[in-house]
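I opened this entry to record what I looked up in the structure.

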Amino acid sequence: MPLTHHQASWWRLAGEYAGPVHYPGQLVQPEDLESYPEAVREKIQDNNGVYNREKLESLLGEPLEKRKETGLSLYCGEWGCLSTVPQEDRLQWYRDVRSIFESRDIPWTTWDYKGGFGIIENGEINEALVEVLLNE
């Protein structure tokens with residue numbers, strides 16, 4: 001959440017954090033939180049951590065086990081990262097998540113076409129994001 005929903009107005013308290021975020025690695029550095037109110041710091045710290053492709057893939061353990069157990073398919077219909085995240089960090093996160101889904105045979109679609117999570121930003125196509133999503 002501190003990465004994918006960085007500065008989201010609807011994410012109570014944590015949306016107030018406007019400092020830097022990073023991926024892969026420690027999402028938010030402790031020193032970047034120092035000037036924020038305690039409630040904001042706590043909300044970010046509760047959701048902070050070191051994230052990379054391996055960590056993200058480990059989060060799929062339970063759904064993958066349930067698929068194996070039941071024989072049902074998995075589908076991810078909502079995933080994305082707000083454009084408030086630095087472009088290179090955002091693109092790497094998208095690369096990792098897309099490659100995880102594809103390596104685990106999980107069909108997917110991202111959040112919106114035009115909006116904070118979209119491929120259209122301020123009326124312009126984010127060509128780099130399109131390339132990542134299409135694996136080009």
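On a 1 Å grid over the protein atoms alone, a pocket is an open set of points with protein on both sides within 12 Å along at least five of seven lines, and lining residues have an atom within 4 Å of a point. The model is predicted: local features need pLDDT of at least 70 and side-chain atom pairs pLDDT 80 or more, whereas totals for chains, interfaces and linings use all residues. Residues are numbered from 1 along each chain as its sequence is written, and side-chain values use heavy atoms, without hydrogens and water.

I noted a volume of about 400 Å³ for the largest pocket, a volume being the space filled by probe spheres set on the grid points, which are joined across faces, edges and corners. Helix 2 (53-58) and helix 4 (87-103) are the elements that give two or more residues to the lining. Helix 4 gives the most, with four residues. Helices here are DSSP runs (H or I, at least four residues) and strands likewise (E, at least two), numbered from the N terminus.

I then followed helix 4. Its 17 residues reach 24 Å from first C-alpha to last, close to the 24 Å expected at 1.5 Å a residue; the expected span is 1.5 Å times one less than the number of residues. Among its buried residues are Arg90, Trp93, Val97 and Arg98. Buried means under 20% relative accessible area, exposed over 50%, and partly exposed in between (1.4 Å probe, protein chains only). Helix 2, strand 3 (120-121) and helix 5 (127-133) are included in what covers the buried residues of helix 4, contact meaning heavy atoms within 4.5 Å.

How many salt bridges are there by this rule? I recorded five, each a side-chain nitrogen of Lys or Arg within 4 Å of a carboxyl oxygen of Asp or Glu.

Arg90 forms a salt bridge with Glu121, the closest N and O atoms being 2.5 Å apart. This pair links distant parts of the chain, Arg90 in helix 4 and Glu121 in strand 3, 31 residues apart. Arg90 counts as buried because its relative accessibility is 1%.

Arg98 and Glu102 meet in a salt bridge at 3.4 Å, N to O. Arg98 is buried at 7% relative accessible area, whereas Glu102 is partly exposed at 41%.

Definitions and conventions. 1 Å grid on protein atoms, 1.4 Å probe; cavity = no way out; pocket = protein on both sides within 12 Å on 5 of 7 lines; lining within 4 Å.
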